[in-house]
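Hello,

Here is the structure for you to look over. My notes follow below it.

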Amino acid sequence: MTTLTTAPATTATATKRPSAARSSQADGMAVASFVLGLVGTLVLNIVLGPCALVLGTLALTRGTTRRGRALLGLALGAADLLLLAALTATDGTLSWHLG
């Protein structure tokens, strides 16, 4: 009669999985921050600018490997809010218009 035994999981494998998942989540946040900041310069800058700032900050604090994208997301989020302030000061509205 044979018995099946399973080898116990090593601690190195058990500790890599949560950090790898956390790093991939942080990378996703960095990319989302960049995309939201970029889109926010054209539409909905009152909503997308702060979202880009929050996601970029979270990505940096969680140790993303895409640090440049997170920093670009922060810069674009700040630019969205500055653009919103300029639009509000110029014509008193919160939206783009031509003419």
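**Confidence and overall layout**

This is a predicted model. Mean pLDDT for the chain is 83, and 78% of the residues score at least 70.

The chain has three helices and zero strands. In sequence order the pattern is α-α-α. H1 covers 11–40 and H2 covers 45–61. H3 covers 67–91.

The chain has 99 residues, and 21% of them count as buried. Among contacts with a separation of 6 or more, 66% link residues 24 or more positions apart. Accessible surface for the chain is about 6800 Å². Carbon and sulfur atoms hold 70% of that surface.

**The nonpolar patch**

Which residues form the nonpolar patch on the surface? They are Val35, Leu38, Val39, Leu42, Val43, Leu44, Ile46, Val47 and Leu94. Together they have about 810 Å² of accessible area.

H1 and H2 each supply at least two residues of the patch. The largest share is from H1, with three residues.

Take leucine 44 as one member of the patch. Leucine 44 sits in the loop between H1 and H2. Its relative accessibility is 56%, so it counts as exposed, the cut-off being over 50%.

**Threonine 64**

The other loop to look at is the one between H2 and H3, where threonine 64 has its place. Is threonine 64 buried or exposed? Threonine 64 is buried, because its relative accessible area is 12% and the cut-off is under 20%.

The side chain of threonine 64 makes a polar contact of 2.6 Å with the side chain of aspartate 27. A polar atom of the threonine 64 side chain also lies 3.0 Å from the backbone nitrogen of arginine 66.

What else is threonine 64 in contact with, leaving aside neighbours within four places in sequence? The list is Ala26, Asp27, Ala30, Ala59 and Ala70.

**To sum up**

Two spots deserve a look in the viewer. One is the nonpolar patch on the surface, with leucine 44 among its members.

Best wishes

Methods. Residues numbered from 1 in each chain as written. Predicted model: local features only at pLDDT ≥ 70, side-chain atom pairs only at ≥ 80, totals over all residues. Heavy atoms only, no water. Patch = residues over 30% accessible without salt bridge, like charges linked within 9 Å, V, L, I, M, F, W, Y side chains within 5 Å. Areas by Shrake-Rupley, 256 points an atom, 1.4 Å probe, with all protein chains shown as cover. Salt bridge = Lys/Arg side-chain N within 4 Å of Asp/Glu carboxyl O. Helix = DSSP H or I, 4+ residues; strand = E, 2+ residues; numbered from the N terminus. Buried < 20%, exposed > 50% of the residue type's maximum accessible area, 1.4 Å probe, protein only. pLDDT = per-residue confidence, 0-100. Contact = heavy atoms within 4.5 Å. Polar contact = N/O pair within 3.5 Å; in protein donor to acceptor, adjacent residues only side chain to side chain.
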